[in-house]
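Here's a quick briefing on a few local features worth a look. Have the sequence and the model open as you go through it.

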Amino acid sequence: MAFTLHGLPVSQGIAIGHVHLVSHALLEVNHYHVAPKHIGDELLRLDEAFATVQGELVGLKASATLGQTHSEVGAFVDLQLMMLADPMLIEAARGLIESRRCNAEWALVQQMELVVEQFRQIEDPYLRERQADIVQVVERLVKVLLGHPGHLPPRRRDGLGTVVVAHDLSPADTIGFRDHNIAGFVTDVGGPTSHTAIVARSLSIPAVVGLHHIRDLVEDNELIIVDGTRGVVIVGPDETVVQEYRLRRSELELERSKLNRLKDTRATTLDGEDVNLLANIEGPKDLPQVKAVSADGVGLYRTEFLFIGRDTLPDEDEQYEAYRAVLKAMPSKPVTIRTFDVGADKALNGNHGRVEPNPALGLRAVRYSLAEPKMFLTQLRALLRASAHGKLQIMIPMLAHAHEIDQSLALIEKAKAELRAENVRFNEAIPIGGMIEVPAAALALGMFIRRLSFLSIGTNDLIQYTLAIDRSDEAVVHLYDPLHPAVLKLIGGTIQAGARFGMPVSVCGEMAGDPAYTELFLGMGLRNFSMHPAHILGVKQQVLRADVGELAPRVQRILKMDEQARVREAVERLGG
């Protein structure tokens, strides 16, 4: 009998296929003592498992490169390779085997739990969800130790693809599935920043996550439909439903091909307002996607991806090369690079920092940078050196106080003075901007406007701080509402203040890439949107259909509303 489940839609599109269940390796391994004379054998078992898994991951990375798989997949495998090589995992497990005289599987799982607990302290949801990498690396090691190799789904002969259903998926899994006609992904856990979500979007495979117990509700080879646009999963559909979704899938594919024609069209509204559509990136590896949609530049380069998953910090030259690569690939286009937005945790520098009671409100972003001025100065020097190669702008995250800006600007001046003394070229007039991510900043814009060259609104954090909601906490995620009247007043007020004082303002959070909000932002006066490259053409289509003169008065009325239901209805009518 058919039934329907609802989860989080994280990668658009419709998949129709047969279920392939992926077992979730149980890490509740047996614990047994090893006789002193066999400790060497146990250490050898661990070393051989390490070598096997390392070989698997290197092979998968090569497979991804040969198959021209999108950059995110290879990047995740690189991250897992780094975690596999982290002394906190294998070396510490070796120490446990020797000191506790225990078996390798048990030692690995004990050490994994310690490392995962450190990741749980990280505030940033993307970085926090990287604890899944540790779990998945250990799962691969345990499978080898126990002699349980994984397997791939068989190719289908009925023309339908395979829908992978799992508790969770690692990026290595997804690469292994690449040549097996995978139509969609469905998982029990995960959110918008989980592995499955990011990899599925990069491969344009429909995906729904956060379904909790779907693995227990479906069987291998069962027919299933995945609607990654609406977050709907239909198990055991009849032929009428299948035909309906086939038609809907054809319509979506036609719509996507039409969007591709807009690639070289300038984003201009019906009444002649030019709009800049920029890309959010994590490094040079994302440039092919940026160029494929003819983005107007880079509005957010997240530099923390240079820092995570390693024992030593990247030095000045390594950072300089990463920044320069993006600038040289985007000649004459603006590139806004955000200084690192992480907290005082192991993922950054291998040191055991203090455990923060609430990392979201703790020592993170600019606060951490200013607490570690030597590290911050190294990054600023690398950024300034890179500025000689293009239109670089530096952006400082999570500002809330004037003294944070003043201290940051003083360090930038110190870096400039050092480079001048060394006769190193850089852009003396490099623009310095700040992110508006906390309500305090949005409500006291004057101190930012007087000191900075541009502003960028990070809607993800602004929403969670305004509404006091951890957006990665499933218990309260339903309260995370981008259209809450308070949130819209803070965003609208920031955009309007920028226009009043002639300061450029952009939006670089998730809202910027959602076409449902494009007319709302245009009516607020926004002319600079920054988003994942995959969303640029969809937003461009909305811009081309919009009339700002007609939208502006309607949006001003919305900003005066204080009932969420009324706001939502009015925003939906903007696109009508």
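**A buried aspartate, a helix pair and some strands**

The side chains of Asp481 and Gln564 make a polar contact at 2.9 Å. Bear in mind that this is a predicted model.

**Around Asp481**
- Asp481 sits in the loop that links helix H19 (459-467) to helix H20 (485-501).
- Its relative accessibility is 9%, so Asp481 counts as buried, the cut-off being under 20%.
- Setting aside neighbours within four places in sequence, Asp481 touches Ile463, Leu467, Val487, Gln564 and Arg568.

**H23 against H24**
- Helix H23 (residues 548-559) and helix H24 (residues 564-574) have axes that come within 10 Å and cross at roughly 170 degrees.
- That crossing makes the two helices, H23 and H24, roughly antiparallel, because angles over 145 degrees count that way.
- On the H23 side, the contact is made by Leu551, Arg554, Val555 and Ile558; on the H24 side, by Val567, Ala570, Val571, Arg573 and Leu574.
- Sorted by type, the residues of this H23 and H24 contact come out as seven nonpolar, two charged and no polar.

**Strand E5 and its partners**
- Strand E5 (residues 182-187) is mostly covered, with six of its six residues buried.
- Strand E4 (residues 161-166) runs parallel to E5, and five bridges join them.
- One of the bridge pairs here is Ala166 with Thr187 in E5.
- E5 also pairs in the parallel sense with strand E6 (residues 207-209), over two bridges.
- There, Val186 has Val208 in E6 as its bridge partner.

Definitions and conventions. Residues numbered from 1 in each chain as written. Predicted model: local features only at pLDDT ≥ 70, side-chain atom pairs only at ≥ 80, totals over all residues. Heavy atoms only, no water. Axes fitted to C-alpha atoms, helices over the stretch in contact; angles between N-to-C directions. Helix = DSSP H or I, 4+ residues; strand = E, 2+ residues; numbered from the N terminus. Parallel < 35°, antiparallel > 145°, perpendicular 65-115°, else oblique. Contact = heavy atoms within 4.5 Å. Nonpolar A, V, L, I, M, F, W, Y, C, P; charged D, E, K, R; others polar. Buried < 20%, exposed > 50% of the residue type's maximum accessible area, 1.4 Å probe, protein only. Polar contact = N/O pair within 3.5 Å; in protein donor to acceptor, adjacent residues only side chain to side chain. Pairing = 2+ DSSP bridges.
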